[in-house]
Amino acid sequence: MNNLSILCRLTRSIQRNMLCSVAGLVHNTRHAFSTLREDPELDEMMEFLDSLKNFEKSGVPKGAGTDSEDGFDLGRMRRLMGLMGNPQSRFKTVHIAGTKGKGSTAAFLSSILRAEGYSVGCYTSPHIQTIRERITLGKWGEPVSAKALNHHFNTRREVIERAVKLENGCLSHFEVFTAIAFSLFAEENTEIAVVEAGLGGARDATNVISGPDLAISIITTVGEEHLDALGGSLESIAVAKSGIVKNGRPVS
């Protein structure tokens with residue numbers, strides 16, 4: 001049995017055995033603690049990110065997660081990644097979407113892959129205490145250090161600022177931080193990135209992964225959450241989340 005088959009089986013096992021109540025508890029706890037003070041070393045980065053539109057705080061516009069005229073402009077994310085050298089093409093990605101259980105699935109799979117000896121990066125959202133929790137690296141899957149994150153941001157800041165200017169200030173907090181995460185994974189020679197979609201899938205900022213770079217797409221559950229942002233029905237939500245599926249690549 002090859003590694004991909006093992007990964008598919010492990011994913012299905014995780015999805016069958018996960019408790020939705022645990023995922024909900026994690027989700028609620030993240031929101032409750034998301035306003036705690038960041039490490040002072042990240043002050044400049046946070047000041048820059050806070051100058052951008054933050055839909056996690058302001059709320060997501062109606063239809064923004066749908067693959068339609070109302071949806072987020074994924075083109076600006078692709079242009080940003082292009083300016084940064086398309087770091088997302090330098091590792092394989094496990095892309096996860098779903099209403100509940102995304103974060104739990106990402107954590108389980110990251111741990112399993114690390115135990116198998118892979119160099120793994122994991123990107124999830126939102127966070128509990130610090131934005132650093134969204135990016136985990138290393139043998140033990142620890143949050144990226146403030147020093148490493150600050151250094152990486154400063155080395156990419158000029159390119160990011162140029163991209164923001166070219167997009168007339170329309171790049172969002174989530175888009176820019178997602179780009180930073182992918183760039184950091186590439187710099188750290190990550191073999192596999194486990195990436196949780198932020199909202200929906202089709203127009204999510206994480207959905208810049210091309211077919212050849214995608215190891216597998218995973219959709220956990222589909223439920224009536226973020227209805228306005230995802231089209232107003234269970235069917236439209238399913239369509240939005242299935243936007244992470246790529247032609248010819250496995251899906252679980």
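Trainee: What makes β2 and strand β3 (residues 135-137) a pair of strands?
Mentor: Two strands pair if DSSP finds at least two bridges between them. In β3, Y123 has I135 as its bridge partner. Strands are DSSP runs of E with at least two residues, helices runs of H or I with at least four, both numbered from the N terminus.

Trainee: What is the model, and how are its values taken?
Mentor: This is a predicted model: local features need pLDDT of at least 70, side-chain atom pairs count only at pLDDT 80 or more, and totals for chains, interfaces and linings use all residues. Residues are numbered from 1 along each chain as its sequence is written, and side-chain values use heavy atoms, with hydrogens and water left out.

Trainee: How do you know which strand joins β2 through four bridges?
Mentor: That strand is β5 (residues 192-196), and the two run parallel. The bridge partner of Y123 in β5 is V195. Strands of a sheet pair through backbone hydrogen bonds, either parallel or antiparallel.

Trainee: Why are β4 (142-143) and β6 (214-219) called edge strands?
Mentor: The six strands form an open sheet in the order β4-β3-β2-β5-β1-β6, with mixed pairing. β4 and β6 each pair on one side only. For β6, five parallel bridges join it to β1, and V94 stands opposite I216 in β6.

Trainee: What makes both faces of strand β2 (residues 120-123) covered?
Mentor: V120 and C122 on one side, and G121 and Y123 on the other, are all buried. Buried means under 20% relative accessible area, exposed over 50%, and partly exposed in between (1.4 Å probe, protein chains only). C122 has 7%, so it is buried. C170 has 41%, which makes it partly exposed.

Trainee: How do you know how many disulfides there are?
Mentor: A disulfide is a pair of cysteine sulfur atoms within 2.5 Å. By this rule the count is zero.

Trainee: Why is the pair of F91 and F185 called edge-to-face?
Mentor: A search of the whole structure finds seven aromatic pairs. In this one, the ring centres are 6.0 Å apart and the planes stand at 85°. Rings of Phe, Tyr and Trp (its six-membered ring) pair if their centres lie within 6.5 Å; planes under 30 degrees apart count as stacked, over 60 as edge-to-face and the rest as tilted. The pair therefore counts as edge-to-face.

Trainee: What makes a set of residues a nonpolar core?
Mentor: The set consists of buried Ala, Val, Leu, Ile, Met, Phe, Trp, Tyr and Cys residues joined through side-chain atoms within 4.5 Å. The largest has 39 residues, and M45, I135, L149 and F177 have the most contacts inside it. Helix α8 gives the most to this core, with ten residues. Apart from it lies another core of twelve residues, including V94, I96, A215 and I218.

Trainee: How do you know where pLDDT stays under 50?
Mentor: pLDDT is the predictor's confidence in each residue, from 0 to 100. The stretch is residues 17-35. Over the protein chain the average is 90, and 86% of the residues score at least 70.

Notes:
Contact = heavy atoms within 4.5 Å.
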